[in-house]
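I opened a new page to keep track of what I look up in this model. The entries follow the order of my questions.

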Amino acid sequence: MARTRPDGPPVSRLTVLYDGRCPLCLRLRQWLDGQRQLVPLDLVPAGSPEARRRFPGLDHAATLDEITVVGDGGQVYRGTSAWIVCLWALAEHRPKAHWLTTAAGRPFARATVLAAAAIRSVTTEPCGSAGTACRLPDPAGGSPG
């Protein structure tokens with residue numbers, strides 16, 4: 001599941017970038033944090049100053065649109081692959097993650113991500129919904145203007 005670095009061990013740490021404005025995302029963050037992790041997960045709000053500091057070359061606007069997970073070797077997983085790699089990092093869910101990468105499991109994983117996106121769309125006010133452009137949080141730590 002995880003890619004290895006050419007000169008080193010497999011992924012040993014993952015950073016999950018989640019939408020801190022989304023009630024579903026916050027609940028999933030709590031759930032991930034409460035699971036026994038085989039690979040440590042750093043849970044960081046997408047677009048936050050911490051996310052920008054850690055990953056200056058990442059498209060931070062895109063991380064607010066879909067879950068993004070970054071491996072310690074620079075691997076970037078988005079959407080369905082990001083959810084699968086999160087499960088792969090968890091002791092109880094690694095076998096399920098392996099199944100979700102198969103031809104039989106991948107459609108199920110995709111359907112689950114689409115269902116989560118649908119729930120998110122009705123529980124989180126979309127960026128730009130008030131007639132303003134979607135903006136990332138202020139890198140200085142203030143609220144988006």
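Entry 1: How many of the five residues of strand S2 (residues 41-45) are buried? I looked this up in a predicted model, not in an experimental one. Four of the five residues of S2 are buried, and I noted the strand as mostly covered.

**Entry 2: the outline.** I then went back to the whole protein chain. I found six helices and four strands. Reading along the sequence, I wrote down the pattern β-α-β-α-α-β-β-α-α-α. The protein chain has 145 residues, and 35% of them are buried. Its accessible surface comes to about 8,000 Å², and carbon and sulfur atoms hold 57% of that. I also looked up the contacts with a separation of 6 or more: 63% of them are between residues 24 or more positions apart.

**Entry 3: the sheet.** In what order do the four strands lie in the sheet? I read the order as S2-S1-S3-S4, in an open sheet with mixed pairing. S2 and strand S4 (76-78) are the edge strands, each pairing on one side only. From one strand to the next, the twist averages 20°.

**Entry 4: the two partners of S1.** I took strand S1 (residues 14-18) and checked each side of it. S1 and S2 run parallel and are joined by five bridges. I used Leu-17 as an example for both pairings. Its bridge partner in S2 is Val-44, and in S3 its bridge partner is Thr-68.

**Entry 5: a helix on the sheet.** Which strands does helix H4 touch? H4 packs on the sheet and touches S1, S3 and S4. The direction of H4 makes about 110° with that of S4. I then looked at how covered H4 (residues 79-88) is, and found eight of its ten residues buried. Among them are Ile-84, Val-85, Leu-87 and Trp-88. Gly-79, Thr-80, Ala-82 and Cys-86 are also buried.

**Entry 6: a glycine in S3.** I picked Gly-71, which lies in strand S3. Why does Gly-71 count as buried? Its relative accessible area is 5%, and the cut-off for buried is under 20%, so Gly-71 counts as buried. Leaving aside its neighbours within four places in sequence, I found Gly-71 in contact with Val-11, Arg-13 and Leu-14. Gly-71 and Leu-14 are 57 residues apart along the chain, yet their C-alpha atoms are separated by 4.6 Å.

**Entry 7: cysteines.** I reminded myself that a disulfide is a covalent bond between the sulfur atoms of two cysteines. How many disulfides does the count come to? With the rule that the two sulfur atoms must be within 2.5 Å, the count comes to zero.

Terms used: Residues numbered from 1 in each chain as written. Predicted model: local features only at pLDDT ≥ 70, side-chain atom pairs only at ≥ 80, totals over all residues. Heavy atoms only, no water. Helix = DSSP H or I, 4+ residues; strand = E, 2+ residues; numbered from the N terminus. Buried < 20%, exposed > 50% of the residue type's maximum accessible area, 1.4 Å probe, protein only. Contact = heavy atoms within 4.5 Å. Areas by Shrake-Rupley, 256 points an atom, 1.4 Å probe, with all protein chains shown as cover. Pairing = 2+ DSSP bridges. Axes fitted to C-alpha atoms, helices over the stretch in contact; angles between N-to-C directions.
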